[in-house]
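Please look over the sequence and the model below before reading on.

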Amino acid sequence: MPAVSKGDGMRGLAVFISDIRNCKSKEAEIKRINKELANIRSKFKGDKALDGYSKKKYVCKLLFIFLLGHDIDFGHMEAVNLLSSNKYTEKQIGYLFISVLVNSNSELIRLINNAIKNDLSSRNPTFMCLALHCIANVGSREMAEAFASEIPRILVAGDTMDSVKQSAALCLLRLYKTSPDLVLMGEWTSRVVHLLNDQHMGVVTAAISLITCLSQKNPDEFKTCVSLAVSRLSRIVSSASTDLQDYTYYFVPAPWLSCKLLRLLQCYPPPEDGAVKGRLVECLETILNKAQEPPKSKKVQHSNAKNAILFEAISLIIHYDSEPNLLVRACNQLGQFLQHRETNLRYLALESMCTLASSEFSHEAVKTHIETVINALKTERDVSVRQRAADLLYAMCDRSNAKQIVAEMLSYLETADYSIREEMVLKVAILAEKYAVDYSWYVDTILNLIRIAGDYVSEEVWYRVIQIVINRDDVQGYAAKTVFEALQAPACHENMVKVGGYILGEFGNLIAGDPRSSPLVQFNLLHSKFHLCSVPTRALLLSAYIKFINLFPETKATIQEVLRCDSQIRNSDVELQQRAVEYLKLSSIASTDVLATVLEEMPPFPERESSILAKLKKKKGPGAVSVTELEDSKREGGELNGGGDRGPDTSAMAASNASTPSPSADLLGIRSVAPIGAAPTSAGSLLVDVFSEAGPTAASAAVNDDGFLRDLEQPTETSDSLLVEGSGDSE
């Protein structure tokens, strides 16, 4: 057992701690503690003339017992009495006990506040620091009300010692974070800002933490700090390690202060003053140059300090986004870290390059590292680094490298961690849509996505591919052929069945000429998956079957037999039963013309913001998709979206086309405007772009979640009334 330090002559405390450490069991420890608590309680109650030493010793014991995890319900008044002592050790123990054990709602707060006021006005720097530390540690609203106006005066007073100024700045920061409405700088603002010019580096370091916090809430009031921060940063960056010897950390001058100055500058736009801006650019160039110099020490502390300043400087360069030369240099510097042996550096480099990729000045420079990033995605052991690599690939993707990046992300999906698969799926779907030059490639990509990670393909993804296929005549035949082939796989994900049912129900006639994909073969293929699917998917397949009767009259008898079987018309699920009964009745008594009108091809959907993009924003936060990306999508995807002219097949189609955006509408719906008369969409719904009731126009029937006629699904009194509605539409 190591020897117990007696510390400040409190032998009784040392013996008590030794006894606790020597206890053989928990029961023995509790017994010893209870004995000591009884002794202390009797001393406090019995002997009214306890000297300061005894009070300090017993309060220390109570504090130690509390730190062992036991409740303390007495001794608070004795600790408050210690605050009035003129001895440093007694006052220190009193403040320590109060900081740890006194609740902010305690009845003793008023007494404590009086003792603190006495110490703050004593002009004894040691006592002032103890009082300020106590205020910061407790940080209650009552203390903020009592001292928020007093502490700024202490902070800027000319006769206040440097150590007290540091404590005052940090104490004020604590109060501002807990009660910002009570800390009003007002007349003190300019004097607090000028602390950046203080000769004492410790005061500057403490003051800049306060100023940064205040600037984030009130930037205009503190904008004069920019020129002073640049001036101070310039002096630090240009100084040798011997100039700031007391504040040099492993040959790096004032690294903490440098980082704080760079972080403060990120609260403001680039300086308008040309001289200040030039000086700042010179500082940033110097920091980048120093990063290239050979290390002055092999110790990790030296490299950590250098890299901390470097990454803050790069963050400032990215924040300004106005100096092409600095942005490219920053990108090249980060590129060197992508293969660094330190995992943290690789992570930070990837994270910073994600932001750089959104800048028009550095996007091309970021793209030069694509092979390194792909390699990181494949070989990194740390999942967080792999996720940042995937984020960077997403950020650097454009028309020139889209196919390569999407292929690599699809390949990675097969072995990706489950925690990031959903996000990866969304990103692949967005990139495939955004940069699709050939929409057959887009269809292949989404079907591959469903095959590889079907469980993580949300409804938004397959809804979106349906919308795009319906809106583009040139891809409908290819989509039908491809999904037909995909459905022939022995193990087929349910999302693939949904896409297959929808596309074949709408466009199966485009591949029916091939004997290998004849109408009956298509139907049998879809129906072979029926018993494996959930109720919503079965409902969609039933709608596809009735569409088949319209497209392929020769399949009518086979499909009616399926609809007529007990498993359908007597199904325990009301939705499936109703569909089977109504579709059977519709196919039996409706004329060919009525059937063709009721079951006509879906009209094009109006373009809105991609629901996939909306979901990614929701998952990652508002900053997940940058403004640059959205502008890129308008420029690059504009000419690819929208359906070609389908021709005036029916009055419903003509009316629908009247409210459909032009073919130049962009893929992500950035420029789209809701059609006149369309129902307002809910902000919480992410699915409205494909199956909104306002999607097809008033002349065509509304559609529900599986994309087929809502009129066929709503409860009706009889099946005959449904046919009357259908007949009315055809007229």
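**A walk through the predicted model**

Lys223 sits in the loop that runs between helix α12 (201-217) and helix α13 (225-237), where helices (H or I, at least four residues) and strands (E, at least two) are DSSP runs numbered from the N terminus. With a relative accessible area of 54%, Lys223 is exposed; here buried means under 20% relative accessible area, exposed over 50%, and partly exposed in between, for a 1.4 Å probe and with protein chains only. Lys223 and Leu265 are 42 residues apart in sequence, while their C-alpha atoms are 9.7 Å apart in space.

This is a predicted model, in which local features need pLDDT of at least 70 and side-chain atom pairs count only at pLDDT 80 or more, whereas totals for chains, interfaces and linings use all residues. Residues are numbered from 1 along each chain as its sequence is written, and side-chain values use heavy atoms, with hydrogens and water left out.

Seen as a whole, the protein has 38 helices and two strands, and 53% of its 731 residues count as buried. Among the contacts in the protein with a separation of 6 or more, 70% are between residues 24 or more positions apart, a contact meaning heavy atoms within 4.5 Å. The protein exposes about 33100 Å², of which carbon and sulfur atoms supply 51%; accessible areas come from the Shrake-Rupley method with a 1.4 Å probe, and for residues only the protein chains shown count as cover.

Most residues other than glycine have a negative phi, and most peptide bonds are trans. Phe251, which is found in the loop between β1 (248-249) and β2 (252-253), has a positive phi near 70°, and at 42% relative accessibility Phe251 counts as partly exposed. Ala254, in the loop between β2 and α14 (255-265), also is not a glycine and has a positive phi of about 40°, but Ala254 counts as buried, at 4% relative accessibility.

Once neighbours within four places in sequence are left aside, Ser440 is in contact with Val475 and Tyr478.

Helix α25 (residues 459-471) holds Ile466, which is buried, with a relative accessible area of 1%. Not counting residues up to four places away in sequence, Ile466 touches Val499, Tyr502 and Ile503. Ile466 and Val443 are 23 residues apart in sequence and 9.6 Å apart in space, C-alpha to C-alpha.

The spaces within the protein remain. On a 1 Å grid over the protein atoms alone, a cavity is a set of points where a 1.4 Å probe fits but cannot get out, a pocket is an open set with protein on both sides within 12 Å along at least five of seven lines, and lining residues have an atom within 4 Å of a point. Grid points are joined across faces, edges and corners, and a volume is the space filled by probe spheres set on the points.

By this rule there is one cavity of 30 Å³ or more, and the largest cavity has a volume of about 70 Å³. Its lining includes Pro271, Lys277, Tyr320 and Glu323. Helices α15 (274-292) and α16 (300-320) each supply at least two residues of this lining, and the largest share, four residues, comes from α15. By class, the lining has eight nonpolar, one polar and three charged residues, where Ala, Val, Leu, Ile, Met, Phe, Trp, Tyr, Cys and Pro count as nonpolar, Asp, Glu, Lys and Arg as charged, and the others, Gly among them, as polar.

The second largest pocket has a volume of about 530 Å³. Of the 23 residues that line this pocket, Ser303, Asn304, Asn307, His340 and Leu345 are the closest to its centre. The largest share of the lining of the second largest pocket, nine residues, comes from α16.
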